[in-house]
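Good morning, and thank you for making time for this item. Please keep the sequence and the structure in view while I speak.

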Amino acid sequence: MSADALLTVENLGVGYGDQPAVRAVSFDIARGRCLGVIGESGAGKSQAFLALLGLLPAQARVSGSARFDGHELLGGGGRSLRGRRIAMIFQDPMTALTPHLRVGDQIAETLVAHRGVTWTAARTRAAELLAQVRVGDVERRLRQYPHELSGGMRQRVMIAGALACDPDLLIADEPTTALDVSVQAQLLALLRQIVAERQMSMAVVTHDMGVIAALADDVVVMREGCVVERGCVDTILSTPRHEYTRALLAATPRLGTVGSLAAASAPPAGGELPLAAREVVVKHRLRGGWRPMSLTAVDGASLDVCAGEAVGLVGESGCGKSSLARALLRLAPVDGGRIVWLGRDVQTLDAGELRPLRSGVQIVFQDPLASLDPAMTVAAIVAEPLRALRPDLEAGARRSLVLRALEDVGLDAGYAARRGRELSGGQCQRVALARAMIVEPKLLVCDEAVSALDVSIQAQVLELLQGFKRRGTGIVFVSHNLAVVRQLCERVLVMYLGRIVESGTADAVLGTPRHPYTRLLLDAVPRLDPATARARLASFALRGDPPSAVERPTGCAFRSRCPHAVDACAERVPSLDTVENSHQVACLRWRELPE
Amino acid sequence: MMRRVRGASVVLGLLTVTALAAPWLTPWNHEQLDWANIAVPPQFEGAHWLGTDRLGRDLFARCMQALRVSLLIGVLAALVSVCIGVAWGATAGYLGGRVDAFMMRFVDIIYALPYVFIVIILATLFERGSIAALLLAIGAVGWLTMARIVRGQTLSLRRREFIDAAIASGVSTPAILWRHIVPNVAGAVIAYATLTIPQLILFESFLSFLGLGVQEPSASLGSLINIGAQEMETAPWMLLVPATLLTVLLISFNLLGDGLRSRLAGDGAAVP
């Protein structure tokens, strides 16, 4: 225990009934240092910090001691210090901000409450704080409501609010989990800078090794309510001693390890699948307002898939990758171009002719629990495609197929009678996979199918997908996580505001990217080596949030954020140009840019 | 909360069983006249436990017969409103767009009509006092709110990924409605239906009180209260007995519905 510890936690325990959530956890946070707490869901990491601030529900039992600069936090002491000397920011900035309060008043409120200053003085201070968290156009932002801001901007507002009273300790609970990688990188850089400038202490709670590498000085690894390993960040990330830490690190996908799950060579010899998406346009109609508007989510994208091949569809949120994937199954309306399956335009199929499409193309969604009907058992859920697509099947035969499909995804027959809410996220996603694979589709669409899962579970699901691939199923893998895509996919399409800006083999696109957007996305991927992670953050160049598809910039849509944009970019929409072989890029200046 | 639900269920169970078993419990039936005991207060003599009316009919027998009618109309009308309301609301919410707009504007229009007026017209068109006409009249207004509730729930279910998963699995639209939407709105529907029953019973009593409902010699709680009100000064039991019965019945249904709502649909759910 160091002498200059700001916060010393000893034997902290949290329990509900006779279920312990945190067991005898001890750690300390030194002045001016950042403690990273890492663990998967259910590790008790958030519970521990909520307990310190007295934010747990009344039925929680808290034991142990936590001394903050001479004050005992547990037993009500944390309440008087929170907001004043200890500030906390949460994962979801939308639910943590009050919807009907303007941003400026929201920050000023803390100052008025804790510092007793006048509202005028507090508003002036709020403006300063927003400037400090690198929010541009402060005067306008102060008058906006939370729903008018993007996720990244909201999180900045949260940080500004947390800094309002010059706290000594900032607790960040999954601060960047809900954000796009590009925005995540900006916020991590911001947090580093602020903590260094103010010489604050920080505790960052996360499931993401990349965040730890970027921010933490010391690390505590938690599992099932216990600390399993602690140490300085370099040691933990380079030479972890506990097997759980090693397993976590091994399961974390990284860009460096070239396609461990992807086939070594480019397109496998499985032949093309009978799918062709040509110049697809997807528009979403927006309701409300005086006149109906529509948003072009996908603007002329084309896609082919080979048997046994995984095609990654990557980009920030709102780039249209999910819309394109859903259009393949006719789950999103196609307003232009053609999607052909087995020689038929899927838009023209009537209900009776849909069967070949339904049994040939299946989908797995992001939210594991929401994709299972809460009123149905696992067996009924998995049997559903069989009931609909093979009505001739007898009950007995159907049941044995269901059990085999469950077994395929590693669930034994005991799960058949359960319901979604009795399963963990990973198990739910396995059920969704079993449902999709039971009709042996030729093409599986995964819409962020592993994004909501813990890394170790994510690795298992990726392994399953790899197995399906080996058996010849083509996969369209929609993800914002380039490291995961790198692991699984042979080919990659990068989308920006509805257009494909770069495509080609994973090696080419992610190894020697040509489009400035792809390069910046790759730069934003968190690295696991602390030195590299920090150096990258310091030089990270992608500024701002993705523009909305409603107000798309003219010409090249990316020019508003592109470090290489010139006047010509505003005049012409770049088309896909071939770099070599199948590697294509849509940028007017790709030849001039350094490799 | 659970104690109240249990209490209400017990009371409702007892009332139902007594109403059904009444013919075997008392020597009197609701049409029989006892010339020896005209307008007597509650007494054991002659087995007139709740007294008799001006014609010497046993009030217990009449009340139990009225209770059967009230329960029958309440439950059947609620069932009718559940069937129409769920089908209408789920279809409108699921299909959305123009179909939804059309179906829900229809509901709005019916809502806007003065329902007492409709019921009076229906009641006079049919033979006076026919239970079928009453059911039709009450059912015609009962399903509107149900349809709105189910539509609201369906709209939020429609956005959940399991519905997309079902579409992608090739499940047909009617099957999605039946297998995925209906079971998932069932909680809210059951809770709201339980709250509808007392409203419908009250509505029927109101119609009978006006003389539009059940006709002599049959009675419903409403018509008994109507008769009782006229004899209030000379034979107060004739008002007090059916009025107490109606109050207990309505309170029990309301407590049960309220309890079910917070259990099945969650507190603050979209059930009025």
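Predicted model: local features only at pLDDT ≥ 70, side-chain atom pairs only at ≥ 80, totals over all residues.

Let me begin with strand β9 of chain A, residues 218-223. Is this strand enclosed or open? Of its 6 residues, 6 are buried, so β9(A) is largely enclosed by the rest of the structure. In a regular strand, side chains alternate between the two faces of the sheet. In β9(A), both faces are covered. One side carries D218(A), V220(A) and M222(A), the other V219(A), V221(A) and R223(A), and all of these are buried.

Next, the partners of this strand. Strand β3 of chain A, residues 34-38, runs parallel to β9(A) and is joined to it by 4 bridges. In this pairing, V220(A) of β9(A) has V37(A) opposite. Strand β10 of chain A, residues 226-232, runs antiparallel to β9(A), with 6 bridges between them. Here M222(A) faces V227(A) of β10(A) as its opposite residue. The hairpin formed by β9(A) and β10(A) has 2 residues between the strands, and E224(A) adopts a positive phi near 50° in it.

I turn now to the contact between the chains. Chain A contributes 22 residues and chain B contributes 15. Which elements of chain B give two or more residues to its side? They are α6 (161-168) and α7 (173-210). The largest share of that side, 7 residues, belongs to α6(B).

Thank you for your attention.

Note on methods
Residues numbered from 1 in each chain as written. Chains lettered and ligands numbered in written order. Contact = placed C-beta atoms within 7 Å. Buried ≥ 20, exposed ≤ 12 C-beta atoms within 10 Å, placed from the backbone. Pairing = 2+ DSSP bridges.
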